[in-house]
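Please prepare a short report on the structure shown below, covering its surface charge, strands and helices.

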Number of protein chains: 2
Amino acid sequence: MDVVAALAAKRDGREIPAAQLRELVLSFAREELPDYQMSAFLMAGYLRGFTAAETAALTDAMLASGERLDLSELAGPTVDKHSTGGVGDGTTLVVAPLAAELGLQIVKLSGRGLGHTGGTLDKLDAIPGMRTELSSRELIDQVQRIGLAVCAQSTELVPADRAMYALRDVTATVGAPALIASSIMSKKLAGGADTILLDVKVGSGAFMHDTHDAFELAQTCVELGTAAGRRTAALISDMNQPLGTQIGNAIEVREAIEVLRGERTGRFTELCLTLTAHLLVLTARAQDLKDARRQAEQALRSGAALDRFRRFVETQGGDPAIVEDLSRLPIASVTCELSASQEGCLESVDTESVGRAAASLGAGRMRKDDQIDPAVGIELCVSLGDQVAGGDPIARVLARDKQTAERAERQLRDALTWSTETVVPPPLIHDTIEPRAPA
Amino acid sequence: MDVVAALAAKRDGREIPAAQLRELVLSFAREELPDYQMSAFLMAGYLRGFTAAETAALTDAMLASGERLDLSELAGPTVDKHSTGGVGDGTTLVVAPLAAELGLQIVKLSGRGLGHTGGTLDKLDAIPGMRTELSSRELIDQVQRIGLAVCAQSTELVPADRAMYALRDVTATVGAPALIASSIMSKKLAGGADTILLDVKVGSGAFMHDTHDAFELAQTCVELGTAAGRRTAALISDMNQPLGTQIGNAIEVREAIEVLRGERTGRFTELCLTLTAHLLVLTARAQDLKDARRQAEQALRSGAALDRFRRFVETQGGDPAIVEDLSRLPIASVTCELSASQEGCLESVDTESVGRAAASLGAGRMRKDDQIDPAVGIELCVSLGDQVAGGDPIARVLARDKQTAERAERQLRDALTWSTETVVPPPLIHDTIEPRAPA
């Protein structure tokens, strides 16, 4: 292949034939195509965009670069749920056991957090003893036994995506919708589940700040999944404030357990129920969303979902006693309370900054090799539209020491904007992209 | 500096501050900034363009990456002439001795050919014994003695340009006007001459196919030279057909000697006289172009320019007897004649293809490490607008063997388009960009 001619074609906005795109991606994954040519290609693609056919070819090529998880031993529907990344978003911890309890098989390959967003694996690691590295054999056996497994993506799946992402990260080409979509979907397709539900976040703490962009991304992902023969749907959910009240690792596990105990209501609980309901409808386990919702609520109320979570923790080597005794989870020694300096209504949250404040405490990674402290984090006591009086508690910072706590407090205070007028909070679900008949 | 932020800024079309551009270029030249970030920057710049301030900053940074030739020992005007690259364009071989004969000091750092374009150094190398590597000391001494030196750019000048060009070449980012202008002008400014005349080629054998683009490039170069305190002007000359009748190395030297002998007229001779006349006016050695032209014609007619050429060849170690005896130049053993298959008028020449045909014979390089064969080439017997009858000779191919000759013949035939109607040839000079008062 004439690589320079292909770069010139993308540069000039011409469509690249699928075979050429495949060769570009695969030769890059084999370390034959040099980084500098791939980065020029990525920048040209960022600025010129990719057609639907090109996006499909990129996804196929990334998928072809590695192995695929073979789930053919699992009878019945296998499902995967994927969030594009947010703050205080521990839905997997609730949705996976809840959906498993309702008869679905959850095969969830998760990632670690980077930047302001959290990662499911880091949250699981906060549970004493929990293992997140499973072999394919262990994973399939576990799903057969208890209906769910949440673990790290094995290194053999989609190596091209890992290499491309590392390059995009240092060349300002992360944000191209087609590249995001093919990155997400190649991993989901390699994960093998026959039903895929995407939770595309939009807002100040999401990758997509604009509803239109989020819709485009969701649409593209659904098309890619459908074309690959998977039943694929997407929700566009709000990330203009942290989803739950807790931003950290152990504290997010705690919040998830409280939801599973039926002790919490609010946006986080609501999104978990909505996602689960969609999974039930997608897999024809419910007649409609209303029926599905009723099933999900019942599984929470009965304690069956909590029990499924306990079995999940136990099976992956974690301490099952955390379910009854939350004090067994690590907790930071320093706690600082933030209170409102005057009365007002919470108008906006710079959610990315809140995520960064939590990361700066040790709850996340600003660099790939940063160590996570499972015990630290931020508890936010207010939501958009809440009215507070001067002196009311607005947040609690859990830190390793006074110094990092005070820095996070300042970041947090700067991230919140108050109004003297009434503020209408955004909806939790902005849009839904229904599945089409699989190809 | 936050490199990713700078890449994002260029990607989004924002202007990059001069200090950041300087740091980008210099850290790349020091091999600190990785290739993949520079290539993403180059592609973003290709697609988003560069402002005048950015182009100036890029040029300054490239200049700052290496040494500069110090010509302060040379009393009187020092001049440099630069062609953006064409086919059958040996003007330096004529203009340098002609202008030197008329009192100018020519300090010409030349390059080798790449792709379809020829390079002055390759042509000089066709002269038995000729040296093209001179130290700065030798160069200055030679200019003091005989008024001209044409040699290779020393490796210490503008290393950033060499590194950037190598990367642009393999990432489809050669064609960005600002990058071309800063590449040309950083080398010219480092070369030290106080007067710079640019011969910007336009047409089917030039880098710029469009007169408007060529004008923009010429204008940018003149602005960069003027801002750096050099008297700078540009001609935009036609490259819709090879300039001379010969395309190769030894055969182009032969043609140049024939022009210096006063034996040839035509576009090549005409452009040599025009360029020399402009140099004389730029350096105030002539009252106007008419006076300058008369001086140049006189120096050709008298044999003084030819004599200056002989001294130049001799001083750089070449065989001066070639001037009287052209048979001392290497000549290929196989000659094939092409004749017209029917009557017609030459309507267009794919000049790049003609250049490639010559390169495929061994007269040029398709890759940097290709070896040049000085003896091969193509002689074109027709010009745009010429009327031929069936059987008339249209070209002669000089080759190493029958096989390469036949391949070049086919390429050449495909490169020529004939019309049954009268064709008006393009003008030789499309435009002139006059110097402004130096800054």
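## Conventions

This is a predicted model, in which local features need pLDDT of at least 70, side-chain atom pairs count only at pLDDT 80 or more, and totals for chains, interfaces and linings use all residues. Residues are numbered from 1 along each chain as its sequence is written, chains are lettered from A and ligands numbered from 1 in the order in which they are written, and side-chain values use heavy atoms, with hydrogens and water left out.

## Negative patch

Glu31(A), Asp35(A), Glu31(B) and Asp35(B) form a negative surface patch. Patch members have over 30% relative accessible area and no salt bridge, with like charges joined within 9 Å; a salt bridge is a side-chain nitrogen of Lys or Arg within 4 Å of a carboxyl oxygen of Asp or Glu. Areas come from the Shrake-Rupley method with a 1.4 Å probe, with only the protein chains shown as cover. Asp and Glu count as negative, and the charge is placed at CG of Asp or CD of Glu.

Glu31(A) lies in the loop between α2 (18–29) and α3 (35–48) of chain A. Helices (H or I, at least four residues) and strands (E, at least two) are DSSP runs, numbered from the N terminus. Glu31(A) counts as exposed because its relative accessibility is 74%; exposed means over 50%, buried under 20%, and partly exposed in between.

## Strands

In chain B, strand β2 (residues 105–110) has 6 of its 6 residues buried, so it is largely enclosed by the rest of the structure. Gln105(B), Val107(B) and Leu109(B) point one way, while Ile106(B), Lys108(B) and Ser110(B) point the other way. Strand β1 (residues 78–83) of chain B runs parallel to β2(B), joined by 2 bridges, and Val79(B) stands opposite Ile106(B). Pairing requires at least two DSSP bridges between two strands.

Chain A has an open sheet of 3 strands in the order β10-β8-β12, with antiparallel pairing. Its edges are β10 (387–388) and β12 (416–419), each with a single partner strand, so one side of each is left without a neighbour in the sheet. Strand β8 (residues 344–349) pairs with β12(A) over 4 bridges, and Ser348(A) has Thr417(A) as its bridge partner.

## Helices of chain A

Helix α11 (residues 250–260) is mostly covered, with 10 of its 11 residues buried. Among them are Glu252(A), Glu255(A) and Glu258(A). Gly262(A) follows α11(A) and has a positive phi, near 80°.

Leu42(A) belongs to helix α3 and counts as buried because its relative accessibility is 0%.

Technical notes: Patch = residues over 30% accessible without salt bridge, like charges linked within 9 Å, V, L, I, M, F, W, Y side chains within 5 Å. Buried < 20%, exposed > 50% of the residue type's maximum accessible area, 1.4 Å probe, protein only.
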